[in-house]
Amino acid sequence: SYSFGHDRMQEAAYNIMRPEDRCLFHFKYGMALVACTIESNDDGMLFTATNQLNLGGPQAIKDAQHSALIANLNFTAGKKAMEMSDFRTAYNFFDNGISFLR
């Protein structure tokens with residue numbers, strides 16, 4: 001396991017990645033978290049996984065089934081955010097979910 005001694009070093013390493021590689025990194029990380037999210041039923045994990053997938057964006061999708069899964073995760077995260085009266089975050093999840101269906 002790698003760790004960075006300072007946040008600036010991590011930021012520098014992230015910034016030298018090509019944008020396409022960043023999208024794939026976020027997508028793979030988000031998909032890995034999805035399994036934990038489903039098992040744990042933890043809202044915080046759902047938000048983290050969904051945010052990572054959204055950072056990857058629709059361009060990271062290679063399989064149409066992933067598009068539907070991610071749209072559904074965004075829908076679920078949006079509903080959870082609404083239950084917490086965080087309507088701006090809910091809107092962002094809903095908007096991102098729609099972008100995966102286009």
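Me: Where is the place of Tyr 14?
Reply: Tyr 14 sits in helix H1, residues 7-15 (helices are DSSP runs of H or I with at least four residues, numbered from the N terminus). The model is a predicted one, in which local features need pLDDT of at least 70 and side-chain atom pairs pLDDT 80 or more, while totals for chains, interfaces and linings use all residues. Numbering starts from 1 along each chain as its sequence is written, and side-chain values use heavy atoms, without hydrogens and water.

Me: Is Tyr 14 buried or partly exposed?
Reply: Tyr 14 is partly exposed, as its relative accessible area is 30% (buried is under 20%, exposed over 50%, partly exposed in between, with a 1.4 Å probe and protein chains only).

Me: Which residues form a nonpolar patch on the surface?
Reply: Tyr 14 forms one with Phe 25 and Tyr 29, and together they have about 290 Å² of accessible area (by the Shrake-Rupley method with a 1.4 Å probe). Patch residues have over 30% relative accessible area and no salt bridge, and nonpolar side chains are joined within 5 Å, like charges within 9 Å (a salt bridge is a Lys or Arg side-chain nitrogen within 4 Å of an Asp or Glu carboxyl oxygen).

Me: How many aromatic pairs are there?
Reply: The count is 3 (ring centres within 6.5 Å; planes under 30 degrees apart are stacked, over 60 edge-to-face, the rest tilted). Phe 25 and Tyr 29 form a stacked pair, at 6.3 Å centre to centre and 10 degrees between the planes. Both residues lie in helix H2, 4 residues apart, about one turn of the helix. Phe 47 and Phe 93 also form a stacked pair, at 5.6 Å and 15 degrees.

Me: Where do Phe 47 and Phe 93 lie?
Reply: Phe 47 is in helix H3 and Phe 93 in helix H5 (residues 87-99), so their pair ties together parts 46 residues apart in sequence. Phe 47 and Phe 93 are both buried.

Me: Changing topic, which residues of the largest nonpolar core touch the most other members?
Reply: Among its 16 residues, these are Phe 27, Leu 53 and Ile 70 (a core joins buried Ala, Val, Leu, Ile, Met, Phe, Trp, Tyr and Cys through side-chain atoms within 4.5 Å). Helices H2 (19-40), H3 and H4 (64-83) each supply at least two residues of this core.

Me: What is Asn 54 in contact with, neighbours within four places in sequence aside?
Reply: Apart from such neighbours, Asn 54 contacts Ile 70, Asn 74, Phe 93, Asn 96 and Phe 100 (heavy atoms within 4.5 Å). Asn 54 lies in helix H3, residues 43-56, and is buried at 14% relative accessible area.

Key:
Phe/Tyr/Trp six-rings, centres within 6.5 Å; stacked < 30°, edge-to-face > 60°.
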